[in-house]
Amino acid sequence: MIYTAVTISIFALALKFVTLYRLRGLVESAPTHLYIPIIAFVGMNVTELIGFKLASAPTSTATLALGYPLLITYYVLLITAINALLALALDTSSLQRRWWVPPLAFSYCVTLFAVLVPGVGLDGWEYIGYTGTRIPGDYYYLIQLGIVIPALSIPIASVINIKQANVTQRQFGYVHLLCFAPIVVTVVLVAALMQAGLKINASAILSLAVCIPLWLLLYANSSAKRFALLCFVPFSPENKRARGLLKLIFSPTGGMKEQLKEIEKSMLIEALIKAGGNKTEAAKILGVSRTQVSTKYSKYGIDIKE
């Protein structure tokens with residue numbers, strides 16, 4: 001069991017570093033608040049590997065001295081990562097920060113209090129054969145709520161963003177839902193198993209579950225790459241338009257003139273979306289004059305909100 005967990009954990013950590021290295025250009029241009037979950041998830045990976053090493057000698061002085069502090073560190077990193085992902089989803093919504101920052105900060109602080117104060121949420125650390133796990137305190141439910149509620153709020157915020165009229169918000173909503181779903185499912189499942197009384201350590205699985213989402217988050221930070229990604233996401237407008245264009249090109253059913261009009265209309269829509277609705281920028285992207293873009297915009301009745 002321990003060899004499987006360690007192998008998964010090492011593979012997950014290596015995958016994160018390879019991802020960060022291959023996407024180093026995107027990392028440099030990523031928004032500051034995206035660094036927090038990235039650093040936290042890498043830290044969790046390192047922490048769990050140290051935990052596996054300590055657990056290999058459960059009665060040693062180092063294990064007895066560092067086991068509990070290491071457990072606290074892992075929980076702090078997990079709570080920070082989950083709250084940072086929720087903040088990332090909320091920050092791309094139309095909800096003003098003054099409405100969501102205070103309650104999120106309060107919830108985060110209460111959860112950290114339950115983790116950091118001995119005996120409140122955690123009563124210690126115990127060996128379970130291949131690694132260590134928590135001994136729940138009297139108020140361990142505060143930690144559970146502080147993890148599960150933000151985790152479940154992430155897909156809710158993403159769905160709300162999808163329903164927004166703003167194109168950028170909708171696109172980020174789809175991306176966040178795609179990226180955060182495996183993390184949310186893993187976190188909720190682990191919390192449910194622990195609530196059932198099972199002594200498990202699913203840290204390695206969680207570390208592996210966040211690798212692809214981190215890559216997608218960094219990749220989709222660019223508007224062009226975000227569109228490319230959404231072309232493969234079922235039910236998204238980008239996917240529908242991409243399939244429509246492929247059908248026009250490879251399965252022609254009407255006259256060439258009508259098909260060329262549809263292709264032209266799609267190009268105008270995507271250029272306007274990429275330009276944030278700015279016709280001058282859209283004209284630069286398409287390599288035509290602003291007058292031509294405006295004329296065709298009116299001709300096709302294109303709505304940037306669609």
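Trainee: What should I know before we start?

Mentor: The model is predicted, so local features need pLDDT of at least 70 and side-chain atom pairs count only at pLDDT 80 or more, while totals for chains, interfaces and linings use all residues. Residues are numbered from 1 along each chain as its sequence is written, and side-chain values use heavy atoms, with hydrogens and water left out.

Trainee: Okay, why is helix 4 called roughly antiparallel to helix 5?

Mentor: Look at the axes: helix 4 (residues 61-91) and helix 5 (residues 97-116) come within 10 Å and cross at roughly 170°. Angles under 35 degrees count as roughly parallel, over 145 as roughly antiparallel, 65 to 115 as roughly perpendicular and the rest as oblique. That makes helix 4 roughly antiparallel to helix 5. On the helix 4 side, the contact (heavy atoms within 4.5 Å) includes I72, Y75 and V76, and on the helix 5 side W100 and L104 are among the residues.

Trainee: How do those contact residues of helix 4 with helix 5 divide?

Mentor: Into 13 nonpolar, three polar and two charged. Ala, Val, Leu, Ile, Met, Phe, Trp, Tyr, Cys and Pro count as nonpolar, Asp, Glu, Lys and Arg as charged, and the others, Gly among them, as polar.

Trainee: What makes E238 buried?

Mentor: Buried means under 20% relative accessible area, exposed over 50%, and partly exposed in between, with a 1.4 Å probe and protein chains only. E238 has 0%, so it is buried. You'll find E238 in helix 11 (residues 237-250).

Trainee: And what joins the side chains of E238 and Q171?

Mentor: A polar contact of 2.9 Å. The term covers a pair of N or O atoms within 3.5 Å; within protein, one must be able to donate a hydrogen and the other to accept it, and residues adjacent in sequence count only if both atoms are side-chain atoms.

Trainee: Is F235 buried or exposed?

Mentor: F235 has 68% relative accessibility, so it counts as exposed. F235 sits in the loop between helix 10 (223-230) and helix 11, and has a positive phi of about 75° although it is not a glycine.

Conventions
Axes are lines fitted to C-alpha atoms, for helices over the stretch in contact, and angles run from 0 to 180 degrees between N-to-C directions. Helices (H or I, at least four residues) and strands (E, at least two) are DSSP runs, numbered from the N terminus.
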